[in-house]
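Let's take a walk through this structure together, from single residues out to the packing of whole elements. Have the sequence and the 3D view ready as you read.

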Amino acid sequence: MSYKIIGRYIKELNFNIPNAKTFFLLSKSIANYKINIDIKSSQTKQNIIEVLTSLSLIPTKNDFESINTKIIYSTVVELRDKELSKEEMEKIILIEVPSKIYPELRKIFIFLFENSGFKDVKIAENVNFEKLYKMRKVQ
């Protein structure tokens with residue numbers, strides 16, 4: 001393996017239900033939201049990168065009061081191979097690291113909803129990050 005995860009933490013957490021009306025409407029309108037996953041990275045030191053994986057719910061319609069939910073999960077990665085190609089680096093950042101941390105990220109997100117009274121939030125157990133990567137390459 002050409003990298004090692006040396007740390008992970010919740011970098012940002014936003015879970016805002018603006019009022020009681022939205023809370024009650026949300027249980028009926030949860031289908032009007034879609035899951036959005038975003039991945040960014042930055043180099044913090046030589047051979048150390050931070051991979052930021054964000055998970056959020058985004059409304060598919062704009063005709064109702066919406067909630068604001070987003071979690072940004074930081075994974076600190078040490079690159080062991082100093083001569084990684086750009087494509088190898090992209091695969092680590094966009095496929096391998098997110099695939100490893102997604103189960104924990106999903107668990108945290110669901111925990112927030114369940115402990116806010118929403119038992120029917122459906123978030124995919126698995127995400128095919130390799131497929132998303134390939135789709136991104138085609139675009």
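Ser-54 counts as buried, with a relative accessibility of 8% (buried means under 20% relative accessible area, exposed over 50%, and partly exposed in between, using a 1.4 Å probe and protein chains only). You will find Ser-54 in strand 3; helices (H or I, at least four residues) and strands (E, at least two) are DSSP runs, numbered from the N terminus. Setting aside residues up to four places away in sequence, Ser-54 touches Asn-36, Ile-37, Asp-38, Lys-70, Ile-71 and Ile-72, where contact means heavy atoms within 4.5 Å.

A word on what you are viewing: this is a predicted model, in which local features need pLDDT of at least 70 and side-chain atom pairs count only at pLDDT 80 or more, while totals for chains, interfaces and linings use all residues. Residues are numbered from 1 along each chain as its sequence is written, and side-chain values use heavy atoms, with hydrogens and water left out.

Strand 3 also holds Glu-50. Is this glutamate, Glu-50, buried or exposed? Glu-50 is buried, at a relative accessible area of 9%. Its side chain makes a polar contact with the side chain of Tyr-9 at 2.9 Å (a pair of N or O atoms within 3.5 Å; within protein, one must be able to donate a hydrogen and the other to accept it, and residues adjacent in sequence count only if both atoms are side-chain atoms). Beyond its neighbours within four places in sequence, Glu-50 is in contact with residues including Lys-11, Lys-40, Ser-74 and Thr-75.

Now for the core. The largest nonpolar core has 31 residues, and Val-51, Val-77, Leu-79, Phe-109 and Phe-113 touch the most other members; such a core is a set of buried Ala, Val, Leu, Ile, Met, Phe, Trp, Tyr and Cys residues joined through side-chain atoms within 4.5 Å. Strand 2 (33-45), strand 3 (48-59), strand 4 (68-79), helix 2 (86-114) and helix 3 (129-138) each supply at least two residues, with the largest share, twelve residues, coming from helix 2. Among the residues that Phe-113 touches, leaving out those up to four places away in sequence, are Phe-15, Leu-57, Ile-67 and Phe-118.

Finally, look at helix 2 and helix 3. Their axes come within 9 Å and cross at roughly 145° (axes are lines fitted to C-alpha atoms, for helices over the stretch in contact, and angles run from 0 to 180 degrees between N-to-C directions). Among the residues making the contact are Leu-94 of helix 2 and Glu-130 of helix 3. Glu-130 and Leu-94 are 36 residues apart in sequence and 7.8 Å apart in space, C-alpha to C-alpha. Glu-130 counts as partly exposed, at 41% relative accessibility.
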